Amino acid sequence: MNLVKKLTVSPQLTSLLQDRIAEDPTTHGAMFVPFILGSDKTTVSIATGQNEYYPLYVSLGNVHNGVRRAHRGAVHVLAFLAIAKGTS
């Protein structure tokens with residue numbers, strides 16, 4: 001989690017990684033592209049017994065925020081994390 005905070009909070013670290021890619025002759029033409037992962041809770045009640053699912057979404061970090069929020073195919077479902085409700 002600490003690494004995630006450093007990558008999201010520190011533009012200096014991102015700039016450093018981009019500089020390293022640019023200076024290395026073996027990575028000529030390469031580009032640093034961060035991934036954005038997100039999740040939210042979705043309750044599915046039909047035929048599942050009120051199970052909670054957490055869809056895991058992925059998007060490229062170099063896509064403009066307006067495109068990502070406008071549902072133009074920039075965000076994709078990567079996985080469904082199922083959390084079964086237990087009985088107490």
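What share of the chain's contacts between residues at least 6 apart in sequence join residues at least 24 apart? I looked that up to start, and I got 32%; contact here means heavy atoms within 4.5 Å.

Ground rules, before I go on. I am working on a predicted model, where local features need pLDDT of at least 70, side-chain atom pairs count only at pLDDT 80 or more, and totals for chains, interfaces and linings use all residues. Residues are numbered from 1 along each chain as its sequence is written, and side-chain values use heavy atoms, with hydrogens and water left out.

Whole chain. I find 3 helices and 4 strands, in the order α-α-β-β-β-α-β along the sequence. These are DSSP runs numbered from the N terminus: H or I over at least four residues for helices, E over at least two for strands. Accessible surface comes to about 7200 Å², and carbon and sulfur atoms hold 60% of that; the areas are Shrake-Rupley with a 1.4 Å probe, and for residues only the protein chains shown count as cover. Of the 88 residues, 9% are buried. My cut-offs are under 20% relative accessible area for buried, over 50% for exposed, and partly exposed in between (1.4 Å probe, protein chains only).

Ser 59. I looked for this one in strand S3, residues 51-60. Ser 59 is put down as buried because its relative accessibility is 4%. Beyond four places in sequence, I see Ser 59 touching Pro 34, Phe 35, Ile 36, Arg 68, Ala 74 and Val 75.

Phe 80. Buried or exposed? I have Phe 80 as exposed, since its relative accessible area is 56%. Phe 80 sits in strand S4, residues 76-83. Neighbours within four places aside, Phe 80 contacts Tyr 53, Tyr 54 and Pro 55. I also checked Leu 56, 24 residues away along the chain: its C-alpha is 6.0 Å from that of Phe 80.

Thr 27. I found this residue in the loop between H2 and strand S1 (35-39). At 24% relative accessibility, I log Thr 27 as partly exposed. A polar atom of the Thr 27 side chain lies 2.6 Å from the backbone oxygen of Ile 21.

Ser 15. My last stop is in helix H2, residues 11-23. Ser 15 is partly exposed, at 32% relative accessibility. From Ser 15 to Phe 32, 17 residues apart along the chain, I read a C-alpha separation of 9.5 Å.

Notes
Polar contact = N/O pair within 3.5 Å; in protein donor to acceptor, adjacent residues only side chain to side chain.
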